[in-house]
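Subject: Structure handover

Hello,

Please find the structure below, with the sequence alongside. My notes on what was found in it follow.

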Amino acid sequence: SKLDDIKAEGLASRYARHARLNATVRAFVLAKGFKLFPKEGYGSVSLNCFANTLNLDLGTLNKILKTKHQLVIDGGYGKLKGKTFRISNMGNETSETMQELLDALDAELPAFLS
């Protein structure tokens, strides 16, 4: 069960993994020129929410990520649809799975930023 997986990993290790992956995603996306959506100090450790400061067509980006890479990001919802995007790093995400997503973004973002 999931609880057995959590127990085997250990809570401290699990929290540390989430924090490490969160910092990796945050550094990558901020380096691309985006900004965090929440005010400093209010961001989550389980996911990052970024302001779409570069005005990407998030719907098209997500379609490409899904068809070419079998990955998706959250393109915002409600009043924030298209204005923010979220990338989760919790649960069973690993350095490898998060790197796969960052590599896919690295491959696809230049077409949106030119």
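This is a predicted model: local features need pLDDT of at least 70, side-chain atom pairs count only at pLDDT 80 or more; totals for chains, interfaces and linings use all residues.

Strands S1 and S2 run antiparallel and are joined by two bridges. Strands here are DSSP runs of E with at least two residues, helices are DSSP runs of H or I with at least four residues, and both are numbered from the N terminus. Two strands count as paired if DSSP finds at least two bridges between them.

Residues are numbered from 1 along each chain as its sequence is written, and side-chain values use heavy atoms, with hydrogens and water left out.

The sheet

The sheet is open and has three strands in the order S1-S2-S3, with antiparallel pairing. Strand S1 (35-36) and strand S3 (84-88) each have a single partner strand and stand at the edges, so one side of each has no neighbour in the sheet. S2, residues 47-51, pairs with S3 in the antiparallel sense over five bridges. Along that pairing, Leu 47 is opposite Ser 88 of S3, and Phe 50 has Phe 85 of S3 as its bridge partner.

Four of the five residues of S2 are buried, which leaves the strand mostly covered. Buried means under 20% relative accessible area, exposed means over 50%, and partly exposed is in between (1.4 Å probe, protein chains only). Helix H2, residues 11-31, lies across S1, S2 and S3 and runs at about 15 degrees to S2. For that angle, axes are lines fitted to C-alpha atoms, for helices over the stretch in contact, and angles run from 0 to 180 degrees between N-to-C directions; contact means heavy atoms within 4.5 Å.

Salt bridges

The whole structure contains six salt bridges. The term covers a side-chain nitrogen of Lys or Arg within 4 Å of a carboxyl oxygen of Asp or Glu. Glu 9, Arg 14 and Arg 17 are linked in a network of these. Glu 9 is partly exposed at 26% relative accessibility, whereas Arg 14 is buried at 9%. Arg 17 is also buried, with a relative accessible area of 9%.

Another of the salt bridges joins Glu 108 and Lys 68, at 3.0 Å from N to O. Glu 108 lies in helix H4 (residues 95-113) and Lys 68 in helix H3, so this pair ties together parts that are 40 residues apart in sequence. Glu 108 is buried at 8% relative accessibility, while Lys 68 is exposed at 54%.

Positive phi

Most residues other than glycine have a negative phi. Asn 55 is not a glycine, yet has a positive phi of about 55 degrees. Asn 55 is in the loop between S2 and helix H3 (58-69) and is exposed, at 66% relative accessibility. Gln 70, likewise a residue other than glycine, has a positive phi near 55 degrees. Gln 70 sits in the loop between H3 and S3, and its 61% relative accessibility makes it exposed.

Regards
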